[in-house]
Amino acid sequence: MRVLRDPLYWLLGVFLLLLWGLPHSAPLFAHWFPQLERPLYQQESFWQLALAHLLLVISGSALAIVVGFGAAPAVMALFLYGLLPILQGTLAGLDSVPASSREIAVGLGMGPWRRLWQIELALAAPVIMAGVRTSVMINIGTATIASTVGAESLGSPVIIGLSGFNTAYVIQGALLVALLALICDRLLERLQHALSGYAE
């Protein structure tokens, strides 16, 4: 069966299984870390943290808002931090469009804007998507440390674990962040391949 051979479904399954299973794994972590009084992160649910983490990544990659302390500065930082790879990918993609394609578009009577939207961006899409992919990967990692400025994310167990010398918390958060990054990377890789096929 093709689905069973696809690593994306396995990664997604393990991620969802961990989101469901970690809250029930207190005895396991108590066994692994007997010196810790509270070996399982329980301040917020892992589902809530995963959704908050994804929201930070999505909004940080798409817009910028600056107000106060908490999620808003984290979104602004993620936006600015993720902007450079997208900009670099866009410039590199547009630069890679063959001159012959531009000449054909001019010969067909296309104006600059129509040529940009219908020819240049379509041909540059795979390279632009590579920049978006890099940006999202950066933001998934960076959103993890957004918890240091009061934003809820999967980094909350990591930051609390580091500050409280609780290795179990760090492992729980880091495991989910790593799986989320792998899942997003696989999804964006597929989109990039689809765009490459379209551009050809």
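Reply: Gladly! In helix H8, the buried residues are Gly155, Ser156, Pro157, Val158 and Gly161. Please keep in mind that this is a predicted model.

Me: What comes just after H8?

Reply: Just after that helix, Phe165 takes a positive phi of about 55°. Phe165 sits in the loop between helix H8 (155-163) and helix H9 (167-199). The positive value is found here in a residue other than glycine.

Me: Why is Phe165 called exposed?

Reply: Exposed means over 50% relative accessible area. Phe165 has 71% relative accessibility, so Phe165 counts as exposed.

Me: Which residues is Gln172 in contact with, leaving aside its neighbours within four places in sequence?

Reply: They are Leu22, Phe29, Pro39, Leu40, Tyr41 and Phe46.

Me: How do you know that Asp6 and Arg190 form a salt bridge?

Reply: The cut-off is a side-chain nitrogen of Lys or Arg within 4 Å of a carboxyl oxygen of Asp or Glu. For Asp6 and Arg190 the N to O distance is 2.2 Å, so the pair qualifies under that cut-off. This pair links distant parts of the chain, 184 residues apart: Asp6 is in the loop between helix H1 (2-5) and helix H2 (7-21), and Arg190 is in helix H9.

Me: Are these two partners buried or partly exposed?

Reply: One of each! Asp6 is at 13%, so Asp6 counts as buried. Arg190 is at 37%, so Arg190 counts as partly exposed.

Me: What else does Asp6 do at the start of H2?

Reply: A side-chain oxygen of Asp6 reaches to within 3.0 Å of the backbone nitrogen of Leu8. Leu8 is one of the buried residues of H2, together with Leu11, Phe15, Leu18, Leu19 and Gly21.

Me: How many salt bridges are there in the whole structure?

Reply: A search finds four. Another one joins Glu120 and Arg102, with the closest N and O atoms 2.9 Å apart. Glu120 belongs to helix H7 and Arg102 to helix H6 (residues 99-107), so to speak 18 residues apart and counted as distant parts of the chain under the helix numbering. Glu120 is buried because its relative accessible area is 10%, while Arg102 is partly exposed because its value is 26%.

Me: What makes Arg102, Arg115 and Glu120 one network?

Reply: Arg115 also forms a salt bridge with Glu120, at 3.6 Å between the closest N and O atoms. Both Arg115 and Glu120 are buried. Salt bridges that share partners join Arg102, Arg115 and Glu120 into one network.

Me: How do you know that H7 falls short of the span of a straight helix?

Reply: Helix H7 (residues 112-144) has 33 residues, and a straight helix would reach 48 Å at 1.5 Å a residue. The end C-alpha atoms of H7 are only 42 Å apart, short of that value. There is also a kink of about 55° at Ala125 in H7, shortly before the proline Pro126.

Me: How does H2 do against the value expected at 1.5 Å a residue?

Reply: H2 has 15 residues and reaches 20 Å from its first C-alpha to its last, close to the expected 21 Å.

Me: Why is Gly131 called buried?

Reply: Gly131 is at 6%, so Gly131 counts as buried; the limit is under 20%. Gly131 is found in helix H7. Beyond neighbours within four places in sequence, Gly131 is in contact with Pro85, Ile86 and Gly89.

Me: What is the average pLDDT of the protein?

Reply: The average is 82, and 90% of the residues score at least 70. Among the elements, H8 has the highest mean pLDDT (90) and H1 the lowest (72). Over residues 64-69 the pLDDT is below 50, and this stretch has 12 contacts in the model beyond near neighbours in sequence.

Me: What should a reader do where pLDDT is low?

Reply: There, the predicted coordinates should not be read in detail.

Notes:
Residues are numbered from 1 along each chain as its sequence is written. This is a predicted model: local features need pLDDT of at least 70, side-chain atom pairs count only at pLDDT 80 or more; totals for chains, interfaces and linings use all residues. Side-chain values use heavy atoms; hydrogens and water are left out. Helices (H or I, at least four residues) and strands (E, at least two) are DSSP runs, numbered from the N terminus. Buried means under 20% relative accessible area, exposed over 50%, partly exposed in between (1.4 Å probe, protein chains only). The expected span of a helix is 1.5 Å times one less than its number of residues. The bend at a residue is the angle between axes fitted to the seven residues ending there and the seven starting there. A polar contact is a pair of N or O atoms within 3.5 Å; within protein, one must be able to donate a hydrogen and the other to accept it, and residues adjacent in sequence count only if both atoms are side-chain atoms. Contact means heavy atoms within 4.5 Å. pLDDT is the predictor's confidence in each residue, from 0 to 100.
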